[in-house]
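Me: Hi! Could you walk me through this protein? I'm new to reading structures.

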Amino acid sequence: MSTFVSLGNAHQPFTRLLEAVAHLAPALPQPVVVQHGYTPFQDEGCEAIAFVDMARFEHEVERAELLILHAGAGSVIHALRAGKVPVVAPRLARHGEHVNDHQLEFTRELAKAGRIVMLEDMSLLAQAVAEARARQQAAQEKQAEPALLRLIAEELASCAAQLSK
């Protein structure tokens, strides 16, 4: 398993998130792959990649145990389609991370719907990660229940067929 962090391709820096990730990297699922875009980033605890193509992005999203994403709609939609519960950090205009706060509005709505874990205060990254991992585990267990029930039903049907012979 791994952690995949993606900042997308916005030209404005998102240093706040990268600093928080670098600080927490030793405690995150390994390896920690960071797609940092135009924000300069280097940390010995992370595999830093400026940009990835869509195939690599989808691969990283699919294999990651933990996703930490900027609040770009494309990134978040890919995560949700993959059945993930990502930590999502909106870029904020007051920090020069975007031209306006549309990511904040988008993130708040998804958080209200229970689809993501919102991270606005970077000092709370560890708590957001713990919540996302717990919710991801619960979602995986819930998805596994129908498969388990189907397996039990098939086994019971097989036993019943054996007994009726």
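**A chat about the fold**

Reply: Happy to! This is a predicted model. Let's start with His36, which sits in the loop between strand 2 (32-35) and strand 3.

Me: Is His36 buried or exposed?

Reply: His36 has a relative accessible area of 11%. Buried means under 20%, so His36 counts as buried.

Me: Which residues is His36 in contact with, leaving aside its neighbours within four places in sequence?

Reply: With those set aside, His36 is in contact with Leu7, Leu18, Phe41, Ala48, Ile49 and Ala50.

Me: Nice. Now the strands: in what order do they come in the sheet?

Reply: The order is 3-2-1-4-5-6. These 6 strands make an open sheet, and their pairing is parallel.

Me: Which ones are the edge strands?

Reply: Strand 3 (47-49) and strand 6 (117-118) are at the edges, and each of them pairs on one side only.

Me: And how many bridges are there between strand 1 and strand 4?

Reply: There are 4 bridges, and the two strands pair in the parallel sense. To find a spot on your screen, look at Phe4, which stands opposite Leu67 in strand 4.

Me: What about strand 4 and strand 5?

Reply: Those two run parallel as well, with 3 bridges joining strand 4 to strand 5 (residues 87-89). Ile68 has Val87 as its bridge partner in strand 5, while His70 stands opposite Ala89.

Me: Why is strand 4 described as largely enclosed?

Reply: Because 5 of the 5 residues of strand 4 are buried, the rest of the structure largely encloses this strand. Both of its faces are covered. Leu66, Ile68 and His70 are buried on one side, and Leu67 and Leu69 are buried on the other.

Me: Which strands does helix 3 lie across?

Reply: Helix 3 (residues 73-81) lies across strand 1 (3-6), strand 4 and strand 5. Its direction is at about 160° to strand 4.

Me: How many cavities of 30 Å³ or more does that give here?

Reply: The count is 1 cavity of 30 Å³ or more. The largest cavity has a volume of about 40 Å³.

Me: Which residues line the largest cavity?

Reply: The lining is made of Glu65, Leu66, Leu67, Lys84, Val85, Pro86, Ala132, Arg133 and Gln136. By class, that lining has 5 nonpolar, 1 polar and 3 charged residues.

Me: Where does the largest share of that cavity lining come from?

Reply: Helix 5 gives the largest share, with 3 residues. Strand 4 (66-70) and helix 5 (125-163) each supply at least two residues of this lining.

Me: And what is the volume of the largest pocket?

Reply: The largest pocket has a volume of about 260 Å³. Its lining has 15 residues, and the closest to the pocket's centre are Ser6, Gly8, Asn9, Phe57 and Ser75.

Me: Which helices each supply at least two residues of the pocket lining?

Reply: Helix 2 (54-63) and helix 3 do. The largest share, 4 residues, is from helix 3.

Me: Last one: how do the residues of the pocket lining divide by class?

Reply: The lining of the largest pocket has 5 nonpolar, 9 polar and 1 charged.

Definitions and conventions. Residues are numbered from 1 along each chain as its sequence is written. This is a predicted model: local features need pLDDT of at least 70, side-chain atom pairs count only at pLDDT 80 or more; totals for chains, interfaces and linings use all residues. Side-chain values use heavy atoms; hydrogens and water are left out. On a 1 Å grid over the protein atoms alone, a cavity is a set of points where a 1.4 Å probe fits but cannot get out, and a pocket is an open set with protein on both sides within 12 Å along at least five of seven lines; lining residues have an atom within 4 Å of a point. Grid points are joined across faces, edges and corners, and a volume is the space filled by probe spheres set on the points. Ala, Val, Leu, Ile, Met, Phe, Trp, Tyr, Cys and Pro count as nonpolar, Asp, Glu, Lys and Arg as charged, and the others, Gly among them, as polar. Two strands pair if DSSP finds at least two bridges between them. Contact means heavy atoms within 4.5 Å. Axes are lines fitted to C-alpha atoms, for helices over the stretch in contact, and angles run from 0 to 180 degrees between N-to-C directions. Buried means under 20% relative accessible area, exposed over 50%, partly exposed in between (1.4 Å probe, protein chains only).
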